[in-house]
Amino acid sequence: MSCYISTKQNRFYVAIEERFGRVAPIEGATRIPAVRLVARQELERIERRDKLGGRTFGGIPSGVRRRTSFELTTYLAEWRAEAAVPGYRPLFLAAFGGGSRNFAGGVVSALSGTQLRTGSAHGLIPGQAVACGGEIRFVTAVVDAQTVQLNAPFTAPASAGAPLERTITFFPGAVLPSLSIFDYWSPEAAVHRILAGAAVDRLRVNINADFHEFTFSGAAQDLLDSASFESGQGELEAFPEEPPLTPGDYGVVPGNLGQAWLGSSPERFLTLTEAEVVLDNNLDMRAREFGSMGPRCIVAGERYVAASFNLYERPDEATKSLYQAARQRSPISVMFQLGIQPGQLCGVYLKSVIPEVPEFVDDETRLEWRFRDCRAQGWVDDEIYLAFA
């Protein structure tokens, strides 16, 4: 019998809820390569002001509102051929709110610069991703039923007949769904947990770390556990059992692999040292209403999307144009490709970003520019797109 619980014996699953706070069914296909989950539940801090005849704290009565928050970090992992969608699809649906759209793939008929013509009707829409030869790009305009304009050219032009890989693209939207996040441990007698009614307030994409990472943080309606579970919690009759573990492992993607495309006429930058994209939903969980002990639903506020990135200064036109755009408050497009192999690709595209004037970082041997919190803008729900291929 083990005398402690190893943190390596931990598995995570995610699922979209049909109704806020109603725990969704758990499936083995939605297991994710999570690194850590921090879940915190605490009573709302209120102050008793009655006089008790001494200096002793009289305690807080039961029924006080509880606040539940979480932060979950996961790696970019391989999208296996047998899986219809990536396992962490529910996390991105909860962060974006506009649903997802699949592209089954196809073949290249012709490719000229940023214009792609497919061998048959593509069915693509602006913002949707296409992938070919280990590269991912986004559609900026649909020319006709077989031709689209892309945000940037492919570095290795594809010849006629080259295959286009399948993609799944996430779109921003007005209404955010809620999640169930399952946290299981070994041995079986350990305490397992479920975050019910989890809402993603903030998504952070970390680029050029050891591995490509996604961090989701936000609030939840409740934190359930197998040790104190009572029938009715999360609208469950019993605490759900973990699905059978399937053999095999998922591959994770090194953080140094990918591409960066920046500028009003996007150029590929090979001088990027680190980058981060943040999506903040400015959530209000409706947790202050009379007669309620916890959050009742999710209300999303104004979306905040921003990119931060560092790169080495070079005396070339592409680098200087970024500085000029920052001084003139002119929009540029920002796209990061994570990974370089089919099945291990993620693309993040911000079509209109106002760059901030960069800081000059001169404490190392080479001069570096640091662009901080460059906010993305758009028209209606179109400032950010994220896709896997």
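Reader: Which residue in β4 stands opposite glutamine 41?

Author: Threonine 68 stands opposite glutamine 41. Strands here are DSSP runs of E, at least two residues long, numbered from the N terminus. One caveat is that this is a predicted model, where local features need pLDDT of at least 70, side-chain atom pairs count only at pLDDT 80 or more, and totals for chains, interfaces and linings use all residues. Residues are numbered from 1 along each chain as its sequence is written, and side-chain values use heavy atoms, leaving out hydrogens and water.

Reader: OK, how many bridges join β3 to β4?

Author: Nine, with β3 (residues 34-43) and β4 (residues 66-75) running antiparallel. Strands count as paired if DSSP finds at least two bridges between them.

Reader: And which residue stands opposite tyrosine 75 in β15?

Author: Glutamate 213. β4 and β15 (residues 213-220) pair in the antiparallel sense, over eight bridges.

Reader: Back to glutamine 41. What does its side chain do with aspartate 222?

Author: The two side chains make a polar contact at 2.9 Å. That term means a pair of N or O atoms within 3.5 Å; within protein, one must be able to donate a hydrogen and the other to accept it, and residues adjacent in sequence count only if both atoms are side-chain atoms.

Reader: New topic: which residues have the most contacts inside the largest nonpolar core?

Author: Phe92, Phe214, Phe336, Leu350 and Phe388, in a core of 61 residues. Such a core is a set of buried Ala, Val, Leu, Ile, Met, Phe, Trp, Tyr and Cys residues joined through side-chain atoms within 4.5 Å.

Reader: Where's the cis peptide bond?

Author: From serine 186 to proline 187, with omega near 5 degrees. Proline 187 sits in the loop between β13 (179-185) and β14 (193-207).

Reader: What about asparagine 208, what's its phi?

Author: Near 70 degrees, a positive value in a residue other than glycine. Asparagine 208 is in the loop between β14 and β15, partly exposed at 33% relative accessible area.

How values were computed
Buried means under 20% relative accessible area, exposed over 50%, partly exposed in between (1.4 Å probe, protein chains only). Helices (H or I, at least four residues) and strands (E, at least two) are DSSP runs, numbered from the N terminus.
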